[in-house]
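Look at the structure below and follow the text through it. The tour begins at a cavity and then turns to the helices beside one another.

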Amino acid sequence: MKFNRNVYLERIKAREKNSLIKIITGCRRAGKSYLLNELFYDYLIKKGVPPSNIIKFAFDSDEDIDELEQYYPDEETKTAQKNNSYLINAKKFRSFIKDRTNDTEDFYLLLDEVQLLENFEGTLNSYLRHKNFDIYVTGSNSKFLSSDIVTEFKGRGTEIHVLPLAFSEYCEGLGLLPEEAWKSYIVYGGIPLVALMKTEEEKVSYLKNLCEETYLKDIIQHNGIRKQMELSETFDMLSSMIGTPVNSLKLSNTFKSITKKSITDSTITTFVEYLENAFVISRARKYNIKGKKYIASPVKIYFEDIGVRNARLNFRQIEETHIMENIIYNELRFRGFSADVGEISVSEKTERLDANGKNIYSQKALEVDFIATLGSQKLYIQSALSMDSEEKAAQEKKSLYYIDDSFKKIVVTKNGLKQMQDEKGVVTIDLFDFLLQDRLWKTEN
């Protein structure tokens with residue numbers, strides 16, 4: 001079984017030799033290294049690039065690090081850090097690269113876990129001066145996975161964000177029919193290693209350990225967090241609130257009600273930012289459709305991988321409705337769209353009359369689950385697990401009816417039926433068609 005990751009591979013290929021550093025980010029175990037060192041490497045070989053002109057180096061590989069020992073033998077190759085990590089001697093690494101390159105041929109540098117190289121920003125920026133170097137890097141800790149990483153290279157980097165397996169990748173790689181794949185996908189998510197595991201016990205154990213021993217420890221070490229229990233409890237709390245509008249005060253109050261402990265809303269906000277910067281969670285901002293502006297608060301929280309979310313709750317809250325919404329959010333990002341939460345203000349006639357006998361109107365804010373944008377393309381999307389009555393269908397479509405532009409308006413529901421469009425132009429699509437059929441993403445107005 002093999003996961004092709006063709007969407008991400010094409011994004012890398014599109015950036016080949018663009019004079020920028022290609023920065024491959026994503027949560028731990030999303031498949032960044034495999035994408036770069038296996039799939040992209042194979043692509044280069046097949047197009048005729050000599051293996052000697054593709055320099056792969058993993059800064060967490062003892063075998064690769066041993067290659068540096070010959071350079072400047074009086075200096076340490078690895079320097080221990082306070083956070084139980086280490087840094088690789090940059091001078092030795094630069095000598096390693098110099099020995100394997102020249103000024104006349106083209107070279108590809110594929111550098112894995114580059115945050116373990118001392119002053120990696122300076123080293124990479126220096127390589128940009130070599131016009132014959134094409135540079136690709138990955139990294140897997142909260143320093144490198146900061147949302148500000150591209151700015152470290154002063155506008156000379158381009159980011160390719162890798163999510164865990166999308167549902168289509170999951171089905172194809174495992175050779176499963178959608179109905180069968182969905183049962184496991186909504187529980188264990190799309191971390192490639194987990195998808196390949198044979199037993200539920202192994203998957204549960206791995207995901208729990210990934211949360212505790214990788215995600216949390218990495219964030220704690222990098223940020224020097226003292227309130228470690230509070231961070232862990234915030235992680236748990238957010239896991240139970242996917243798709244729920246939240247602000248810092250609500251999060252603080254919820255924390256107090258759940259844990260019986262007091263914590264400030266600013267501390268909660270900081271913890272949320274740490275989890276977001278490590279790409280464990282993502283925040284979807286609210287956008288006022290008629291006012292054409294963002295609303296600072298509240299936001300919605302979604303997880304990069306639904307299996308990680310479920311592991312934090314000990315697999316107790318497997319609510320298909322909320323999980324489906326999270327998966328649709330990630331699907332939009334997988335397809336290259338940005339996704340915001342939509343809000344549209346409407347005036348509705350009430351049954352009450354004023355002193356002159358005229359109807360009184362009330363102002364309401366209706367929600368659109370997602371506004372998905374990619375360049376000039378835009379989609380308005382509602383997630384509805386089922387629409388088993390006319391009343392339910394009317395409720396789900398109501399906010400879409402108030403949007404008066406010509407962009408496609410979609411309700412995604414798990415009904416197993418063919419795509420339908422009603423008299424007002426709102427399209428109803430089956431969930432599996434939405435997740436699997438590429439033709440549906442051609443968004444002509």
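The largest cavity is lined by 15 residues, and Pro164, Leu165, Ala166, Tyr185 and Asn330 are the ones that lie nearest its centre. A cavity here is a set of points, on a 1 Å grid over the protein atoms alone, where a 1.4 Å probe fits but cannot get out; lining residues have an atom within 4 Å of a point. This is a predicted model, in which local features need pLDDT of at least 70 and side-chain atom pairs count only at pLDDT 80 or more, while totals for chains, interfaces and linings use all residues. Residues are numbered from 1 along each chain as its sequence is written, and side-chain values use heavy atoms, with hydrogens and water left out.

The largest cavity has a volume of about 140 Å³, where a volume is the space filled by probe spheres set on the points, which are joined across faces, edges and corners. Its lining has 9 nonpolar, 3 polar and 3 charged residues. In this scheme Ala, Val, Leu, Ile, Met, Phe, Trp, Tyr, Cys and Pro count as nonpolar, Asp, Glu, Lys and Arg as charged, and the others, Gly among them, as polar. Helix α14 (residues 320–334) gives the most to this lining, with 4 residues; helices (H or I, at least four residues) and strands (E, at least two) are DSSP runs, numbered from the N terminus.

Now turn to the packing of helices. Two packed helices are described by the angle between their axes and the distance between the axes. Helix α6 (residues 167–174) and helix α7 (residues 178–188) pack at about 115 degrees, with axes 10 Å apart. Axes are lines fitted to C-alpha atoms, for helices over the stretch in contact, and angles run from 0 to 180 degrees between N-to-C directions. The two helices α6 and α7 are therefore roughly perpendicular, since angles of 65 to 115 degrees count as such, under 35 as roughly parallel, over 145 as roughly antiparallel and the rest as oblique. Phe167, Tyr170 and Cys171 in α6 meet Pro178, Ala181, Trp182, Ser184 and Tyr185 in α7, contact meaning heavy atoms within 4.5 Å.

The axes of α7 and α14 come within 11 Å and cross at roughly 90 degrees. Here Trp182, Tyr185 and Ile186 in α7 meet Glu320, Ile323, Met324 and Ile327 in α14. By class, this contact has 6 nonpolar, no polar and 1 charged residues.

Technical notes. On a 1 Å grid over the protein atoms alone, a cavity is a set of points where a 1.4 Å probe fits but cannot get out, and a pocket is an open set with protein on both sides within 12 Å along at least five of seven lines; lining residues have an atom within 4 Å of a point.
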